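Subject: Structure for your review

Dear colleague,

My notes on what was found in it follow directly after.

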Amino acid sequence: MITSVVPADPPRPAQAVEAPAVRPADGVLPEERAAAAAPDALWWRDAVIYQVYVRSFQDSDGDGIGDLPGVRARLPYLKRLGVDGVWLNPFYPSPQHDHGYDVADYKGVDPMFGTLEDFDLLVEDCRKLGLRLVLDTVPNHCSAEHPWFLEALAAAPGSASRARFHFADGRGPDGGLPPNNWRAMFGGPAWSRITEPDGAPGQWYLHMFTPEQPDLNWRNPEVPVEFEKVLRFWLDRGVDGFRIDVAAGLFKHPELPDSPDPEADERTRDSVNPLAWNQPEVHEVWRSWRAICEEYTALDGRQRLLVGEASVPTPAEQAMYVRGDELHQAFFFHLLHAPWDSEHFHQVIDAAVRDITATGSTVTWVLNNHDQVRTTTRFGSPERARAAALLMLSLPGAAYLYQGEELGLPEVDDLPDEVITDPIFHRTGNRKGIRDGCRVPLPWAGARAPYGFSPEGSAPSWLPQPASFAGHTAERAVADHASPYHLYREALHLRRLLPQLGEGTLRWIETPPNVLAFTRGDGLLVATNFGTVAAPAPVTGQPLLSSGPCPAAGVLPPATTAWWILPRR
Ligand code: GLC
């Protein structure tokens, strides 16, 4: 029976959030075409994908750095957890100035992570286990050691080799000032000056991140042609899709004018410079990449996924990236940036469901990744992190998990300066926004470092694991039925069983302050108490699943999410 709570002041209005799909000119959404061809073609729409930060997942050869054979060895763990697929952070040959987001060869495997043969075996294993495999691709910039950039340095100003990047003469009497006032996301000017082959001080090149990551010039036709080859290279090897790094990047304002607020990106650590990001031309690229994916789908009915890291100011702008003929998904970072506050969560969930589903796509929820402070620390307690995870897994659409969140790992925020590798730290000289703390190698088993991350007697792990990781090993989590691992596992299991989860409608119900509640489809009720005191639960019965103990019927403890099945009317 549903006993509706008596709303305290002021009640949140009940409302359904649903939006009609916007149809392309021919009236058929690509997903409908694919669904007609193969029943699991639309797998991505409500998939839960697990992000593997390869260098911190599992080390197989004892060098203290995770690798592809290590990922293979742990696939059964991921299968048991119940995720639909795996996204691998970059493992391509790279000087590792930004841990692989500085790619020197887009079609290879860095020896540090294994070989192409290891990769092929990984594809095979994923296929056998029924796990999708999504790779990271980095089209906005490459490594300063990429052959194209080396060629550009050796070539003359104005040459075809330089035209693949943004080279420009400096300002000032001797060209000693950068061509414009843009700042790089990771600190410092977005331009670096080169020395010309004859030894003279030379032109400048643009890099929106570090100087080791020169931005490619997507107005040069050679660039899209090359990336098409890269996509096909990996698609031909059997991958299920790509996560696209900096998907709102690629194009810059054609005149590269000064920015009225040059420090904005550096200040916010977000891509907000309106001259450097989110230019309209980028949508053409996503249309062409989608067309490539559709070609592969036409062969076997299996949709290949494009998921964009499209960091743009509003959900409505983000919706532009997932229009029917563009990317399938774009991470919905507004939830990830929301503080632990019911109003904030309500607002961003509402906007996402309204704006994103209007495109015919589904929302792609995410609370953790390799760039963010882990939720256990960010939200202030393990209980809140668990409640947020269970809430996220009940929302309509797809979700991405970041390795270790199922173990309740906290951010490691006391790494000594001398071990910090994040270029943000080295370029800004301060620890604000540094990302090593969420990238510490995973604890798998045992009571001492390396906690099964590396074989016994290996080199120390590339970042030191704290003693507190002993309490968070996968071994302990699997053995303890009250661990976050089991919460995630049960939630993922229920997502497969219950038709109300995954895609479908979300209908808000009235709640007291600090509580969010909604129904999913017909018969599932979800409530989260964001407050610090217990609140009346929207129903009296025992929940089907809850993020923490719910000992008293009709009461939702603080920092808890619960799911209930409603009796059929
Ligand atoms: C993305 C990645 C981040 C990387 C940056 C530059 O934001 O997630 O890790 O540093 O792009 O490639």
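The secondary structure of the chain, which is a predicted model, consists of 15 helices and 19 strands. With a radius of gyration of 24 Å against the 25 Å that the globule rule gives for 569 residues, the chain is as compact as a globular protein of that length. Its C-alpha trace spans about 80 × 60 × 50 Å along the principal axes.

Several totals describe the chain as a whole. Of its 569 residues, 60% are buried. Where contacts join residues at least 6 apart in sequence, 68% of them link residues at least 24 apart. The accessible surface amounts to about 21300 Å², and carbon and sulfur atoms account for 57% of that area. As to charge, there are 50 positive and 74 negative side chains, and the centres of these two sets lie 4 Å apart.

I turn next to a group of paired strands. Strand β2 (residues 48-52) pairs with β3 in the parallel sense, over four bridges. β2 also pairs with β12, again in the parallel sense and over four bridges. Strand β11 (residues 364-366) is a further parallel partner of β12, with three bridges between them. Val52 has Leu88 of β3 as its bridge partner, while Val48 stands opposite Ala399 in β12.

How many of the five residues of strand β12 are buried? Five of the five residues, 398-402, are buried, so β12 is largely enclosed by the rest of the structure. Both of its faces are covered: Ala398, Tyr400 and Tyr402 lie on one side, with Ala399 and Leu401 on the other, and all are buried. Strand β3 (residues 85-88) is likewise covered on both faces, with Gly85 and Trp87 buried on one side and Val86 and Leu88 buried on the other.

Among the helices, α12 (residues 382-392) is mostly covered, with eight of its eleven residues buried. These buried residues are Ala385, Arg386, Ala387, Ala388, Ala389, Leu390, Leu391 and Met392. An arginine, Arg386, is therefore to be found in the list of buried residues, where a residue counts as buried if its relative accessible area is under 20%.

Helix α3 (residues 116-129) contains Val123. At a relative accessible area of 9%, Val123 is buried. Leaving out residues up to four places away in sequence, Val123 touches Leu133, Arg237 and Gly238. Val123 and Val373 are separated by 250 residues in sequence, and their C-alpha atoms are 30 Å apart in space.

A charged residue in a loop may also be of interest to you. Asp98 lies in the loop between β3 and α3. Is Asp98 buried or exposed? Asp98 is buried, because its relative accessible area is 5%, below the 20% cut-off for a buried residue. Which residues is Asp98 in contact with, apart from its neighbours within four places in sequence? They are Phe186, Gln213, Pro423 and Arg435.

Ala449 and Pro450 are joined by a cis peptide bond, with omega at about 10°. Pro450 is placed in the loop between α13 (423-428) and α14 (474-479).

Val246 has a phi of about 50° and belongs to the loop between β8 (241-244) and α6 (264-268). With 8% relative accessibility, Val246 counts as buried. Ala559 also has a positive phi of about 50°. This residue, Ala559, is found in the loop between β18 (555-556) and β19 (560-565), and Ala559 is buried, at a relative accessible area of 12%.

With kind regards

Conventions
Residues numbered from 1 in each chain as written. Predicted model: local features only at pLDDT ≥ 70, side-chain atom pairs only at ≥ 80, totals over all residues. Heavy atoms only, no water. Helix = DSSP H or I, 4+ residues; strand = E, 2+ residues; numbered from the N terminus. Rg over C-alpha atoms; globule rule 2.2 N^0.38 Å. Buried < 20%, exposed > 50% of the residue type's maximum accessible area, 1.4 Å probe, protein only. Contact = heavy atoms within 4.5 Å. Areas by Shrake-Rupley, 256 points an atom, 1.4 Å probe, with all protein chains shown as cover. Lys, Arg positive; Asp, Glu negative; His and termini not counted. Charge placed at Lys NZ, Arg CZ, Asp CG, Glu CD. Pairing = 2+ DSSP bridges.
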